[in-house]
Amino acid sequence: ALTGLTEMTTSDFMAAFRRGTEASYAAIGDPTEGTILTVMKEVSNLTPDEEFESTLLRMKDQAMATVENTPELMPLLKKAGVVDAGGLGFYYILKAFYLTCLGEKIPETEEISDIFGTNEEDRDDLFFRFCIEGVIKKNEYYKGEHAAEPLRKQLSKMGESEVFIETNGLIKFHIHSNDDQAVMDAVSRYGSLLDFKVDNMQKQVDENANLYDKVAFVPVVAGEGFSAIFSNFLVPQNQINPLGNEASYEEFISAINSLKAKNIVLLPNNQNAIGTCEILIQKYNDGVKKLYFIPTNSQAEGVTALEHYDPEMEIEENIVNMKEAVSNCLTIKVAIASKEYISEDIHVYKGDYVLLKGNHPLATSPNKSGVPSLVREVLGGYDIITVYYGAGVDPDEAEDFSSTLEDILPSSTDVILVEGDQKLFHYLINGEKTN
């Protein structure tokens, strides 16, 4: 709406709001009135004044009037005695615009009027567990404005609150679903994941209900990327981040003692920490907590273990399922050799790209272009391959690596690219067999 303009009038500003509202309605699979959409629509239908101050004041006031009316448009809100949260958020954005236009400071906090109501009843009716969103760079086959329409229809059957925006080369999506892996599998077939985020809505509910008194996890985590990944699961914020990626006995004890949960699951995520966990299982006894551990050799395997945790199952059944999932994994690392290495099986030159299983070299290539073929030889029989790229890898380079890998692997294999931010290895690549 503002393309080509050097100055913006209030009419231009309102036109931009109308375009934004139209795009928002078009992006929602099933637009519902009584939400932020209604507030946006009512605001953008206003006729602007000549001055921005008075226009923004009217927009702000209209937003509040519409927010107050949202319970009349949506019975669920009226039953709960609340207004729509998204619409209220939109009101605060407009209020911030208005205050900024006047040169006033925006308050950090604000008391909410009684008209917004409160709902202090326990809520256990959360139907969809995950809030999933991401951005896909389309592969060549799906280039075009509406070429990925089949994906939109597929996602609409997987949950609710679907948002789907498609351009010639990109897809932006959002959905609430109970199966984040199925969503990831579906979207990854259409191109490379530039961004993928899963928020565990059940986790938020459980935190309020103090359900961590039942089960908690203590994972060894190194790197901000993996810390973010683990925080999406039912994992308390006391992850162990040891220097050199090796957790001590005392660090585990400290983490365990800080938790109230009666059942605590240790995720060593490192070969060197597995022995420490085995000792802890044998020796730790405070008469209240019970320890379990999953023998995860890498952070990637730790992620797989948590993906197979079901809070509705008993802890013993979960441990069996998580161990089985990890046993169906193989994690390899890609690093650059810092010195020459010779054994009966392999000759590695300094500067070579090396594939390692644990600390054992499997294959080597003098350049990075040869790495995808080596990965295919090792993980070609796995159903899901997740590529975690390290702190020193450019995201575009990682995307090219992932795309090349996807091209040379069987079409039935799903390749997922994730920022791991690990320090020691270019790539941490996890293969998982699902059948």
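A: T66 counts as buried because its relative accessibility is 7%, where buried means under 20% relative accessible area, exposed over 50% and partly exposed in between, with a 1.4 Å probe and protein chains only. The model is predicted, with local features needing pLDDT of at least 70 and side-chain atom pairs pLDDT 80 or more, while totals for chains, interfaces and linings use all residues. Residues are numbered from 1 along each chain as its sequence is written, and side-chain values use heavy atoms, leaving out hydrogens and water.

Q: Where is T66 found, and what is it in contact with beyond its neighbours within four places in sequence?

A: Helices are DSSP runs of H or I with at least four residues, and strands are runs of E with at least two, numbered from the N terminus. T66 belongs to helix α3, residues 52-73; contact means heavy atoms within 4.5 Å, and on that basis T66 meets T38, V39 and E42, its neighbours within four places in sequence being left aside.

Q: Is I385 buried or exposed?

A: I385, which is part of strand β13 (residues 384-389), is buried, at a relative accessible area of 0%. Residues up to four places away in sequence are not counted, and the residues that I385 touches include L379, L405, V415 and N430. Between I385 and N430 the C-alpha to C-alpha distance is 5.6 Å, although 45 residues separate them in sequence.

Q: Which segment holds L2, and how exposed is it?

A: L2 lies in the segment before α1 (10-27) and is partly exposed, with a relative accessible area of 38%.
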